[in-house]
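Take a look at the structure below.

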Amino acid sequence: MNIQNLHNEIREANLSYLILAQNMIRADRAEALVRLGLSEDVAGIIEQLTAGQLLKIAGSNMLMCRFRFDDSVVWNLLLSHTKDQSSAQGMHAAILMAGKSVEVA
Amino acid sequence: MKKTKTVLGEARQIGLASELIHLGARLQVLESETTLSRERLLKLYKEIQKKSPPKGMLPFSTEWFMTWQPNIHASLFMNLYQSLITSSEIDEIDAVIRAYKLYREYLVQLEMPEVLSITRAWRLVKFVDAGMLTTTSCKECTGHFVVHTFELTKDYVCGLCNMPSRAGKTKCNSAAQRQQAAIEAADGEEAIEAAVVV
């Protein structure tokens, strides 16, 4: 991937992430904070962004979103697919992920 | 809760009550969370559910939350509830409703039965408020799980890291599995017959 392509891809990822986040916050703030794992302050800023500001932020060379679950346990649970245990492991992952957003907030 | 006598306030109360009824809450939950009279709540309940509310006391035991499957469901709900209540300033009952909706979303996604009712979820929050139950973290996966408050939890290992051998093998589940196996067997026979015909 050359550098120009990389910048384009980052910009697109940023833009769709920011637009999604803004829509979610506007639709249901409390739920969006949990799903996105954002603080109230940042959510307030994103909610107020204009289209021009969104484009400007999205155009930076850095990704605006990142992996929330910095923990191999969660990833292993999400990846495993043994048939009879998949729902228990899904529950386990869900508990860990919901718990992680408490710690961050 | 503050008594609201305005029309708008009452409209909000009715909205809250009907949302709870739609989620399947018992009358006692409504009586405690809204300022509406028992008669009005009864009428509202009948209008929405098209039947009389179930009678009798609410489940009052904290033990139920300690058994394997309920504990996992309760823990998921509690984690969702706590992340809602810490991340934004919302009323307790509002957080219960939202957390319960998120919890049900997971159940649909994971194709699991609904173990925790909204009434149980509400009781769980009350038990935690009263200091009878709390959450502690598992020393293996660091997830937060519902436990009794004065239990020794230094070396707590959750029911998902350390699964009991008969975990999740309820009557209802095994019946469903037998049915599934029967369907698969029938499909297999049909396939063999089809192969013979060809």
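**A helix and its interface**

Helices here are DSSP runs of H or I with at least four residues, strands are E runs of at least two, and both are numbered from the N terminus. This is a predicted model: local features need pLDDT of at least 70, side-chain atom pairs count only at pLDDT 80 or more, and totals for chains, interfaces and linings use all residues. Residues are numbered from 1 along each chain as its sequence is written, chains are lettered from A and ligands numbered from 1 in written order, and side-chain values use heavy atoms, without hydrogens and water.

Helix 5 of chain B has 19 residues. After the helix comes Glu111(B), with a positive phi near 55 degrees.

Now turn to the contact (heavy atoms within 4.5 Å). Chain B gives 31 residues and chain A gives 26 residues. In chain B, Ser87(B), Arg98(B) and Leu110(B) lose the most area to chain A.

Which side chain meets Arg98(B) in a salt bridge? It is Asp28(A), at 2.4 Å, N to O. A salt bridge puts a side-chain nitrogen of Lys or Arg within 4 Å of a carboxyl oxygen of Asp or Glu. Between chain B and chain A the count is two salt bridges.

Helix 4 (68-87), helix 5 (92-110) and strand 2 (144-148) of chain B each give two or more residues to the side that touches chain A. Helix 4 of chain B gives the largest share, 11 residues.

Key:
Buried area = accessible area lost by both parts, 1.4 Å probe. Expected span 1.5 Å × (residues − 1).
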